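Good morning, and thank you for coming. Please look at the sequence and the structure on the screen while I speak.

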Amino acid sequence: MPSATPVIDVRVRHAEHVMGTVVSFDVPASARADGSLDAAIRWLHWADRVFSPYRADSDVSLLARAEITVDGCAPEMAEVIAACAFIHDLSGGYFTASPGGQFDPSGYVKGWAVERAAALLSRAGSADHLVNGGGDVQCAGGRGAGEPWRVGIADPLRPGRLALVVEARDCAVATSGTAERGPHIVDPHTGRPAAGLASLTVIGPSLALADAYATAAFAMGPSLARDWTDCLDGYEAFAITESGKTWQTPAFARHLTPT
Amino acid sequence: MRRAILAVTATVAGLVALLSFKTHSSERTVAAAQPAASLPPGERAITGNVADTAYGPVQVQVVVKATKIVKVNILEQPTSTQNDLQIGQFAFPRLIAETLSAQSARIDTVSGATYTSGGYVKSLQSALDNGA
């Protein structure tokens, strides 16, 4: 038997088509070897099967048609419903699990599922990894050599360009905006597409919350969103308005790169 | 080296996406490949595979110093139509500039409005994922 060889930090990148988007992984090679990358991918597909409103046989669809009760769903359903209710109340109803009147917790589920996928990798022993669900990121540790992850924030007004770069370590970065799929975020109070902001980014510990907060704040429009995100404990925001103006919460600057 | 390869991939992906916008007549001529001139010490040239696009074949070469791309050369590009010439004159220089600027940002990932499976293909994240 050969003697133990020095451990070389080889990283693996993987892109998985799931939940109507692509989830990108940047993980240590150990996560592929020990099966935790595969487990995280299987988890995402399971969450899609259970929570997708586009699948007639998902728990969400059955619940929306009142063909089953919460007790008949996967145990995670109660957790998702409770979290959606919490964010609904915290945001004054700007986040809702019933857009258009029908039960559809998609605005929470993707960020939550990606955060759980990252947690699976952590539990298996990975210290440094990054999971990006269609533009919403949960990361652990850093990019190596003691440096934090560098996350580019897409410029919604100049496709293909970055508005700025933030440094992230053990946290989530979520962005809501109209650049990819048009004006799809509806103000639940008016029923009309939210106006005024081009994109809004939230940074904080949990992607489930950061993603939902970004969606809620985007629906609020520029002025209310600024006041509301100022009050969020542990979460910072950066916004670009339709006219290209920007603002950020005071502690957001901690995430900006020195250059 | 990983960042450099990333940028090569991004450039080729960008060029292919650009050239795939419209269908193209089969008639084409190809610009003569220009071999890299003698390079200064510490620099070396990496030549990508020929990518077949709707407009014709495209081949890109990058000049690397340490782990940084210092120059992008288009070795092969379609030149048969006025449209081809405009792409060569205006679009290639812009894509090259974007490649060099994305590299200098040294980013690991991109946060932005949620893309669809289809939109992902054209995204900077897609180029990053293919870079490893």
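I begin with a definition: helices (H or I, at least four residues) and strands (E, at least two) are DSSP runs, numbered from the N terminus. The model before you is predicted, with local features needing pLDDT of at least 70 and side-chain atom pairs counting only at pLDDT 80 or more, whereas totals for chains, interfaces and linings use all residues. Residues are numbered from 1 along each chain as its sequence is written, and chains are lettered from A and ligands numbered from 1 in the order in which they are written.

Let us turn to the loop between strand E7 (162-168) and strand E8 (172-177) of chain A, where A:Asp170 lies. Phi of A:Asp170 is near 50°, which is positive although the residue is not glycine. Is A:Asp170 buried, exposed or partly exposed? A residue is buried if 20 or more other C-beta atoms lie within 10 Å of its own, exposed if 12 or fewer, and partly exposed in between, with C-beta atoms placed from the backbone. A:Asp170 has 16 such atoms, so it is partly exposed.

The loop between E5 and E6 of chain A holds A:Ala145. This residue, also not a glycine, has a positive phi of about 55°. A:Ala145 is exposed, because 6 other C-beta atoms lie within 10 Å.

Strand E5 (residues 142-144) of chain A contains A:Gly142. With 19 C-beta neighbours inside 10 Å, A:Gly142 is partly exposed. Contact here requires C-beta atoms, placed from the backbone, to lie within 7 Å. Leaving aside residues up to four places away in sequence, A:Gly142 touches several residues, among them A:Trp149 and A:Arg169.

Next, consider helix H5 (residues 106-123) of chain A. Its 18 residues reach 25 Å from first C-alpha to last, close to the 26 Å expected; the expected span is 1.5 Å times one less than the number of residues. Because 13 of the 18 residues are buried, H5(A) is largely enclosed by the rest of the structure. Just after H5(A), A:Gly125 has a positive phi of about 110°.

Finally, how do the chains meet? Chain B places 20 residues in contact with 37 residues of chain A. Helix H2 (82-105) and strand E5 (109-111) of chain B are among the elements that each supply at least two residues to that side of chain B. Strands pair if DSSP finds at least two bridges between them; three bridges join strand E6 (residues 147-154) of chain A to E5(B), and the two run parallel. Within E5(B), B:Ser111 stands opposite A:Ile153.

Methods:
Contact = placed C-beta atoms within 7 Å.
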